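Subject: Structure handover

Hello,

Here is the structure for your files. My notes on the domain interface follow it.

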Protein chains: 2
Amino acid sequence: MVDEVKLYGSTGDSPYVCRVDIALNLKGVKYDVIKEDLKNKSDDLLKYNPIHKEVPVFVHNGKPICDSLVIVEYIDQVWEGYPILPVDPYDKAVARFWAKFIDGTCIPATFKVFGNVGDEQVLAEAYEKLQILENELKVKGTKYFGGDNINIVDIAADYIAYWLGMIEDTTEIKIVTKDKFPKITEWAENFINCQVVKEVLPPKFEVPKEELLAYFKQRFGKA
Amino acid sequence: MVDEVKLYGSTGDSPYVCRVDIALNLKGVKYDVIKEDLKNKSDDLLKYNPIHKEVPVFVHNGKPICDSLVIVEYIDQVWEGYPILPVDPYDKAVARFWAKFIDGTCIPATFKVFGNVGDEQVLAEAYEKLQILENELKVKGTKYFGGDNINIVDIAADYIAYWLGMIEDTTEIKIVTKDKFPKITEWAENFINCQVVKEVLPPKFEVPKEELLAYFKQRFGKA
């Protein structure tokens, strides 16, 4: 049987969707992309992801999986080849810890900065979380979180490598500078220049600054 | 070599620590418990979990792992016997999705209720998330989320089965009633009466109502 592999994404692809693109690309899996208009979600999307109603949704031979990191783990287990998670159980646990820290702590902390412009405490919290990543890269001394090659931790951090810079450029609020976070800056450059990543990054977006800030304020503002 | 297995917990054990107790109990692993005073954290705890500075910390042959669900996955992979996660990759992904939904969405939604007493919108959001669990149990029609036996999803939900009721009793704010959530109520009873769970549940706590509400307000209040 030939595998039927579908990925429901959004028209201006999100870091969450791209995580799945990168994982599939690493494994050399062919797949169909279905672009969703998130302002007018398809019946398929609502059927496959009735709880979060979000992309990405991954459908393998008719069976849907939701949540980008859950999908990446599934892909790693089902397809042979490139190891996206370390094979050793301890190293695997450590990688999961970092992926979860980036996903659940670091990324929301930077979202909050754009939702609470001028709030020094919110900015200090984002700096504190990013400093932990900076230190981890310094201690490891490797090109990627995964070592010589990217793994699930790098994939989890794709937002920091690419989208964060775009948001910073648009809003003119700079969080990750070369001065303050030299290791993260270096890692980000390595990551987006990694062939398998470069192939799936979406074009840089152009959204008016006010619209972008209004979005973050509404979703991540304190009030 | 004999395995050295240590679990750093807290004096009045938390649902997060208990997840690890349950997993170890399911596998029949012998382990040492080190009780932490969270108001005066030990050097070991700060060394092993410098990022979150929280329990549980699991130390296997000198190597630390943090984050309760990451620890549970590690235990399932390292020790043979009872399968805590389904073996099939698709079923495993679905279990991970639900465990994450409970951990990252359902539990914070109920915490918020106690931190924002009287806020109807916060209560409605908690109801909405719990209703998703209620429906899932109804559709499955099984004794546990895991089927005839508990799995990682049930373990992730231990807070809802046991601690939530204690907090409800103390604060006199009832969220999960038999009327509104009959399936969750039934599941909770089954879960806490499951031998392997019963053995590790901590004694019911006695905290003054005001103190408990003040804690939730400070940590999960809107302001």
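In this predicted model, the side chains of R19(A) and D158(A) form a salt bridge, with an N to O distance of 3.9 Å. The cut-off for a salt bridge is 4 Å, and the R19(A)–D158(A) distance is 3.9 Å. The rule finds 3 salt bridges across the interface of domain 1 and domain 2 of chain A. Polar contacts between these two domains of chain A come to 6 residue pairs, with both residues at pLDDT 80 or more.

On the domain 1 side of chain A, the residues that touch domain 2 come from elements including α1 (15-27) and α3 (68-78), each of which supplies at least two. The largest share is from α1(A), with 8 residues. By type, this side of domain 1 of chain A has 7 nonpolar, 4 charged and 2 polar residues.

As for the domains themselves, the assignment for chain A places domain 1 at 5-78 and domain 2 at 89-220. Their C-alpha centres in chain A are 21 Å apart. In terms of contacts, 13 residues of domain 1 of chain A meet 19 residues of domain 2 of chain A.

Interface size is often quoted as the accessible area lost when the parts come together. For domain 1 and domain 2 of chain A, the buried area is about 1500 Å², and carbon and sulfur atoms give 66% of that.

Regards

Key. Residues are numbered from 1 along each chain as its sequence is written. Chains are lettered from A and ligands numbered from 1 in the order in which they are written. This is a predicted model: local features need pLDDT of at least 70, side-chain atom pairs count only at pLDDT 80 or more; totals for chains, interfaces and linings use all residues. Side-chain values use heavy atoms; hydrogens and water are left out. Domain bounds come from an automatic or database domain assignment. Contact means heavy atoms within 4.5 Å. Buried area is the accessible area (1.4 Å probe) that two parts lose on being put together, summed over both. A polar contact is a pair of N or O atoms within 3.5 Å; within protein, one must be able to donate a hydrogen and the other to accept it, and residues adjacent in sequence count only if both atoms are side-chain atoms. Helices (H or I, at least four residues) and strands (E, at least two) are DSSP runs, numbered from the N terminus. Ala, Val, Leu, Ile, Met, Phe, Trp, Tyr, Cys and Pro count as nonpolar, Asp, Glu, Lys and Arg as charged, and the others, Gly among them, as polar.
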